[in-house]
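Visitor: I am new to this structure. Please show it to me, and then I will ask about its parts.

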Amino acid sequence: MWAPFAVVVWSGAYALVEVVWAATGTTVPWKPHEAIASPVLLLFGALAVLGGAAGLASTRTLSRFGRGAVALTLIAVIPVFAVGMASVPEYFVTLASLSGVESVTGLTWVLLNAAGTGLLVMVALSYRRRLAGRCRRCAQRHAGDQFGPLVHPDATVASARTRTMVYLFMCGLLPWAGVKTIWTLGGDALGVTAEGWRKVNSGDSAVARALSSVGIDVTVLASALGIFLLLGLLYPWGQVFPRWTLPLSGRRVPRMLPLLPAWVIAAGLSLYGSMLVVYAPLSALGIAPHVKPSAPFTSQAGITWMVLFGGLAFSGHGFGLIVAARSYAARTRPVCVAGQEAVAVAHS
């Protein structure tokens, strides 16, 4: 299994970058106009080294105490780096709209966190399978070569239950996308006028302005790309390239091609969206600080509703991707030849 050794390489590179940034006083924003303090960068670097050590230790034969230490380390560090990659969807929208990148260091930090989160999760899954006496690649119990040929399952559709759950989650997009479409089409909603909306977005890229002129908000278009990814996780054309892909038609889709972006985007969207869904009602009730209206919003109620709509959209899309990706991962998991033979014998 290559993931533990990849984590070691990542942890060394990550720690080096964090130390250099902290030593040189490089500005690394975690949100607009707020940079990460140097001690925090060093803390993240230390946690990366700790995660790399746990990844390397997961390949060794350990005592009971050692196994517990590795497990606890992975449980502790994975959420930290997952939080650090929460801005991935925001950067994705910015890049998709050709609006440029506000901070190269900020984007680099987010991508490093995303890569580390993915690798650490793979290490955790592999380690869990190893402790359970299962094959680290296919999760089956079998003897023989665990590095031999793999058998890939046929393309299938997600279960009706999975599809229903995903569609329900995706309904969270409707209020948010609906309001933005009203603005781009020249209507007023939530106290925001079409003129005010256009004025605030006058500095967008030429592509974003062109789309807006025909009633398409670039963030809604980005969410449509996310829906395309989500549908690919549910239906067979996400497992075997369809006819319209021309030279790739009929070939198996590499399993990680849709899964990696799905997990990365889902983690950021679900985390950020959930925080907004919780914050909006607390703010409206005065339990949390009120959301201050800023252009193009003219009222506190209007911006609070939009925060809630955004939270429903982001969390709905994120959790929908999680459910769909989980189903896709299970339906496309390859089985070692030895594992397939063991399953056949068990059912004979």
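Guide: The lining of the second largest pocket is made up of 24 nonpolar, 4 polar and 8 charged residues. Here Ala, Val, Leu, Ile, Met, Phe, Trp, Tyr, Cys and Pro count as nonpolar, Asp, Glu, Lys and Arg as charged, and the others, Gly among them, as polar. The model is predicted: local features need pLDDT of at least 70, side-chain atom pairs count only at pLDDT 80 or more, and totals for chains, interfaces and linings use all residues. Residues are numbered from 1 along each chain as its sequence is written, and side-chain values use heavy atoms, with hydrogens and water left out.

Visitor: How much space lies in the second largest pocket?

Guide: A pocket is an open set of points on a 1 Å grid over the protein atoms alone, where a 1.4 Å probe fits, with protein on both sides within 12 Å along at least five of seven lines; lining residues have an atom within 4 Å of a point. Grid points are joined across faces, edges and corners, and a volume is the space filled by probe spheres set on the points. For the second largest pocket this space is about 1,200 Å³. The lining has 36 residues, and the closest to the pocket centre are Met 122, Leu 125, Arg 255, Met 256 and Trp 263.

Visitor: Which helix gives the most to the lining of the second largest pocket?

Guide: Helices are DSSP runs (H or I, at least four residues) and strands are too (E, at least two), numbered from the N terminus. At least two lining residues come from each of α3, α5, α11 (256–284) and α12 (300–332). The most, 11 residues, come from α5.

Visitor: How far apart are the end C-alpha atoms of helix α1?

Guide: The expected span of a helix is 1.5 Å times one less than its number of residues. Helix α1 (residues 3–24) has 22 residues and should therefore span 32 Å, which agrees with the distance between its end C-alpha atoms, 31 Å.

Visitor: Within what arc do the buried residues of α1 fall?

Guide: Buried means under 20% relative accessible area, exposed over 50%, and partly exposed in between (1.4 Å probe, protein chains only). Among the buried residues of α1 are Val 7, Trp 10, Tyr 14 and Trp 21. Seen down the helix axis, with the arc taken from the directions from the axis to the C-beta atoms, the buried residues of α1 line one face because they fall within 135°.

Visitor: Which helices do the buried residues of α1 pack against?

Guide: The face turned away from the buried side carries the exposed Val 9, Leu 16, Ala 23 and Thr 24. Contact means heavy atoms within 4.5 Å. The buried residues of α1 pack against α2 (38–57), α3 (64–84) and α5 (104–131).

Visitor: Which residues is Ala 22 in contact with, leaving aside its neighbours within four places in sequence?

Guide: Ala 22 is found in helix α1 and is buried, with a relative accessible area of 16%. Its C-alpha atom is separated by 7.4 Å from that of Pro 39, 17 residues apart along the chain. The contacts of Ala 22 are Ser 38, Leu 41 and Leu 42.

Visitor: Is Ser 315 buried or exposed?

Guide: Ser 315 has its place in helix α12. Not counting residues up to four places away in sequence, Ser 315 touches Leu 269, Ser 270, Gly 273, Ser 274 and Val 277. At 9% relative accessibility, Ser 315 counts as buried.
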